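I opened the notebook to log what I looked up in one model. The entries run by topic.

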Amino acid sequence: MKGFCARYLEVDLGSGEIRVREFEEELFRKYIGGTGLAAYLFLKEMDPLVDPLSPENPLMFFCGPLTGTSFPGSGRSSVVAMSPLSGLWGECNVGGAFGAAVKLAGFDGIVFKGKAPGPVLFWLDGDQAELRDASHLWGLDTYETNERLQEELKGDGASVRTMQIGPAGENGVRFAAIVNEIGSVAGRCGLGAVMGDKNLKAVAVRGRGKMEYADPEAAREISKRLADKLKGHLLAGTLHELGTNGALDTGMLSGDVPVKNWSVGEWMDALDTLNSFYYNDNILVKIVGCYACTVRCKRVVKVDEGPYAMHEHAGPEYETVCLMGTNLMNASLEAVAKANDLCNRLGMDTIAMGSVIALLMEAQEKGIAGEGLTGLDLSWGNMEAALEAIRLTAARDGFGDSMAEGSLALATSLGAPELAVTVRGMDFPAHDPRGFHGYGLAYAMGTRGACHLNSVNLLVEGGMGSWPEIGLKGPYKGMTSKGKAEITWKCLSIGQLFNSLCMCEFIGAFLSLDDQVDMLRAATGFDWTLDELLECGWRIWYLKRHILNLRGSGRNDDVLPPKAMTPTEEGTNAGSIPNMEKMLAEIYELAGLDAEGTVPPDKVEI
Ligand code: SF4
């Protein structure tokens, strides 16, 4: 089969058995790949009520049908497991080239079950798979682990792609991440803790095959056409030049950026030293990209000297600049870069870690939790203390043990749950629903809690993309709840589609949905239509929502936290809050959910 390998590897870490499992063609047609296929497998074969930190929680790495092709934006891949942070469905979409390596090794994915008796490495070289002892890697940070693996596995010199955990994953930090060889991160949902719980230190893959297309001639023509389209696209060019942090410059003006633990509407002065031009002039070393990407938005940075000196490596994205910058009242980009580097090395999500620090800074200011409890002077903007908080958390050392439980659990234990800014236990990304009301609805209806990637509202309401072919024309006014349910219902389908195709959402925003159909047809030979793909997106959303329902999460959790429902007094979004009741009622009707937010049985197709 072209586009798909129609098989995946199932690894029982307890017994060491490695099996090749096959897929029916019909499954790709209905669930596409990536997180869609993972959701299907979860419901079909696994226990949807599984304890996230138990051997029975499967850790799944999946590709999409375009992964490994030459099409732009197709270099990403999915990681899925039940989340130790939220206790609910967890998924990540990660950049780099790992997914392409898995596909070129001849598989659509790898599913890890059980728990190894000691630290192990899973090594897939072409179609030869084995488990190796990884005791010598345990305790190393993610970058050190990759360096050791590259040295040990270099063989004939063909590229080795890796995904590994750091000390945070080993120590069960609930927002531990999985980090790949270029410093791209599967950060949200704490899937690194699942990997650590399985004693799986790293996964390394060398793909030796060649991608085959159902229609090679069409594939060549489409690749060239889309590369040309992206080359002439203004926003694609801006993304390349400024990176994702280009969003900070406009976001501060549009009421999107979190400031002082989501309490203040704007902080213009911070732009002087956090903006993307300062970034390019002061810390940027070079620009890199994911597999087959012609846009290339990723940054390699370096800080030469001072308290935040760091070696050349992956630079912070917009989300991190906000969550480790403006939201902590820190205007030092060098400090953000250091915090990002530390989190990447130790293997933790910068959004979740930054959120923990922000709430503790507010707690200290309000006299709820001070230095006597935390052992740190977490005054606003004190980045030396913030860096120490990161180290303590990864090690679960002292108060780090409490921080490692995540912001909602921590704030609740302090008797101040209102300081946590989460939906379903997942910290808000750096996009404020008071500035863009549809984001609030997307956070509530997203299948992994507050997330800017589960639904593409950010692209549509934020003005990065429009898809007139399905009525998403834009531009849309951010600070209104009117009409947002209809927009969000479509955005949810596209978000699920992108996460199942493993398509980069930026590239997806710059292309039409018809372009996606063209790529899929050329790669797979399936005669998908756009309507059919949208149906796939909703089908996948229903499956994941059904898993949430089975775990007791429905209308009770479709709730924004107090911070997001309290208007700010300054900045563009001053006085604005989303009308959640109205938007939820409207989208429930569109989705056919009952008053409890439950998916109707006929929508659960397994
Ligand atoms: S635009 Fe950026 S995130 Fe998307 S595929 Fe290219 S390099 Fe990766």
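**Ground rules.** I worked on a predicted model, in which local features need pLDDT of at least 70, side-chain atom pairs count only at pLDDT 80 or more, and totals for chains, interfaces and linings use all residues. Residues are numbered from 1 along each chain as its sequence is written, and side-chain values use heavy atoms, with hydrogens and water left out.

**Aromatic pairs.** I asked how many aromatic pairs there are. The count comes to 21. My rule: rings of Phe, Tyr and Trp (its six-membered ring) pair if their centres lie within 6.5 Å; planes under 30 degrees apart are stacked, over 60 edge-to-face, the rest tilted. I looked up phenylalanine 23 and phenylalanine 28: their ring centres are 5.3 Å apart and their planes stand at 80 degrees, so the pair is edge-to-face. Next I checked burial (buried is under 20% relative accessible area, exposed over 50%, partly exposed in between, with a 1.4 Å probe and protein chains only). Phenylalanine 23 is buried at 9%. Phenylalanine 28 is buried at 1%.

I then took phenylalanine 71 and tyrosine 213. Their ring centres lie 5.9 Å apart with planes at 75 degrees, so this pair is also edge-to-face. The pair links distant parts of the chain, 142 residues apart. Phenylalanine 71 is in the loop between strand E3 (59–62) and strand E4 (77–82). Tyrosine 213 is in the loop between strand E12 (200–206) and helix H7 (216–231). For these elements, helices (H or I, at least four residues) and strands (E, at least two) are DSSP runs, numbered from the N terminus. Phenylalanine 71 has 0% relative accessibility and is buried. Tyrosine 213 is buried too, at 16%.

I also noted a cluster: ring pairs link Phe4, Tyr8, Phe23, Phe28, Phe62, Phe526 and Trp528.

**Nonpolar cores.** Which residues touch the most other members of the largest nonpolar core? I found Met60, Phe71, Phe428, Met445, Trp467 and Ile494, out of 101 residues. A nonpolar core is a set of buried Ala, Val, Leu, Ile, Met, Phe, Trp, Tyr and Cys residues joined through side-chain atoms within 4.5 Å. Helix H24 (residues 530–550) gives the most to this core, with 11 residues. Apart from this core lies another, of 100 residues, including Ala81, Phe112, Ala411 and Leu414.

**Asparagine 180.** I placed asparagine 180 in strand E10 (residues 178–180). Asparagine 180 is buried at 1% relative accessible area. A polar atom of its side chain lies 2.8 Å from the backbone oxygen of glycine 95. Leaving aside neighbours within four places in sequence, asparagine 180 is in contact (heavy atoms within 4.5 Å) with Val94, Gly95, Gly96, Thr162, Met163 and Gln164.

**Histidine 437.** Is histidine 437 buried or exposed? I read 5% relative accessibility, which counts as buried. Histidine 437 is in helix H19 (residues 437–445). Beyond residues up to four places away in sequence, histidine 437 touches, among others, Glu461, Lys484, Ser576 and Asn579.

**Cysteines.** I searched for disulfides (pairs of cysteine sulfur atoms within 2.5 Å). The structure holds 0. Cysteine 290 is buried at 17% relative accessibility. Cysteine 297 is buried at 14%.

How values were computed
Polar contact = N/O pair within 3.5 Å; in protein donor to acceptor, adjacent residues only side chain to side chain.
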